[in-house]
Amino acid sequence: MSKLAGKIALVTGGGSGLGKADCLRLAEAGAIVYVTDVNEAAAQDVAAQIGEGAVALRHDVASEAEWQAVYERIAADHGRLDILVNNAGIVIVADPEQTTIEQFDKTMDIMCKGVFIGCKLGLPLLAKSENGSIINMCSNASHFGFPPFFAYSAAKGAVRSMSKSIAIHCQDQGYKVRCNTIHPSAIETPMVQGAMGRPGEEQEIPQGVLPAGSIGAPDDVASLIVFLCSDDARFLTGGEYLIDNGSSIRP
Ligand SMILES: NC(=O)c1ccc[n+]([C@@H]2O[C@H](COP(=O)([O-])OP(=O)(O)OC[C@H]3O[C@@H](n4cnc5c(N)ncnc54)[C@H](O)[C@@H]3O)[C@@H](O)[C@H]2O)c1
């Protein structure tokens, strides 16, 4: 039996990079996947790659109205949600002095407020699940100072702590919903290609255990997401999971 058979999943920013890998792997594990993205064409491509059961929706996570529309569709189709992956994100490379107020607000709207709205409006549907799982994408950038990713790491830091409150809130309300965060180091996606100044130039990731300093592959993250969304992870909530090949424990 597939690990996630019959589960209903929503992945934001599912049209590219990590979100795309998550959608493909969740579907492979048996979930019905709602692929949402502000880039509707990209979401449609991923849903088409998955085939039967996948649904693509335009969805700007900074918009409360668009979140409502997505949840109304899932409620009408299934009446519940089992998996919410708050993955959509942007990065603006600017240090604390260079960052404009507009850049800071935009980053917070998408990566912090978007996660808040998604959890707040999604909880009534998730609470109908027998083993609901919220995964909020954070970053190793929320663990240390990194001036060029100033607004980005601030947003991820907020999501990191917000997720712990959501985990406890769900337990206190008697919801069977867990909430965890994932904190990757650099993973080969269009976001990282852009931030590293090589947009569109994909780097091949070798198979097997990687040496220190390597960049990871989207599937390295998706594998953990599939596990955290499965019934095997029932005792895991409020946790934060580094996916960084050990880079953060080096002096
Ligand atoms: N790639 C990495 O190394 C890395 C490391 C740590 C954390 N992350 C996090 O993982 C997540 C995915 O990153 P990625 O590397 O796959 O990036 P990516 O740029 O490849 O994909 C991001 C997706 O989010 C979508 N998006 C952007 N703004 C949106 C909005 N307002 N509403 C809905 N969708 C929107 C984009 O259209 C795109 O499809 C992000 O939250 C990112 O911060 C990535």
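Trainee: How many residues in the lining of the second largest pocket are nonpolar, polar and charged?

Mentor: Five are nonpolar, three polar and four charged. Nonpolar covers Ala, Val, Leu, Ile, Met, Phe, Trp, Tyr, Cys and Pro; charged covers Asp, Glu, Lys and Arg; the others, Gly among them, are polar. This is a predicted model, where local features need pLDDT of at least 70 and side-chain atom pairs 80 or more, while totals for chains, interfaces and linings use all residues. Residues are numbered from 1 along each chain, and side-chain values use heavy atoms, without hydrogens and water.

Trainee: What is the volume of the largest pocket?

Mentor: Rolling a probe the size of a water molecule over the atoms shows where empty space is left. Here a pocket is an open set of points on a 1 Å grid over the protein atoms alone, where a 1.4 Å probe fits, with protein on both sides within 12 Å along at least five of seven lines; lining residues have an atom within 4 Å of a point. Points are joined across faces, edges and corners, and the volume is the space filled by probe spheres set on them. The largest pocket holds about 870 Å³. Among its 41 lining residues, Gly89, Ile90, Tyr152, Thr189 and Met191 are the closest to its centre.

Trainee: What classes make up the lining of the largest pocket?

Mentor: That lining has 24 nonpolar, 14 polar and three charged residues.

Trainee: Which helix supplies the largest share of that lining?

Mentor: Helices are DSSP runs of H or I, at least four residues, numbered from the N terminus. Helix 6 (190-195) gives the largest share, four residues.

Methods
Helices (H or I, at least four residues) and strands (E, at least two) are DSSP runs, numbered from the N terminus.
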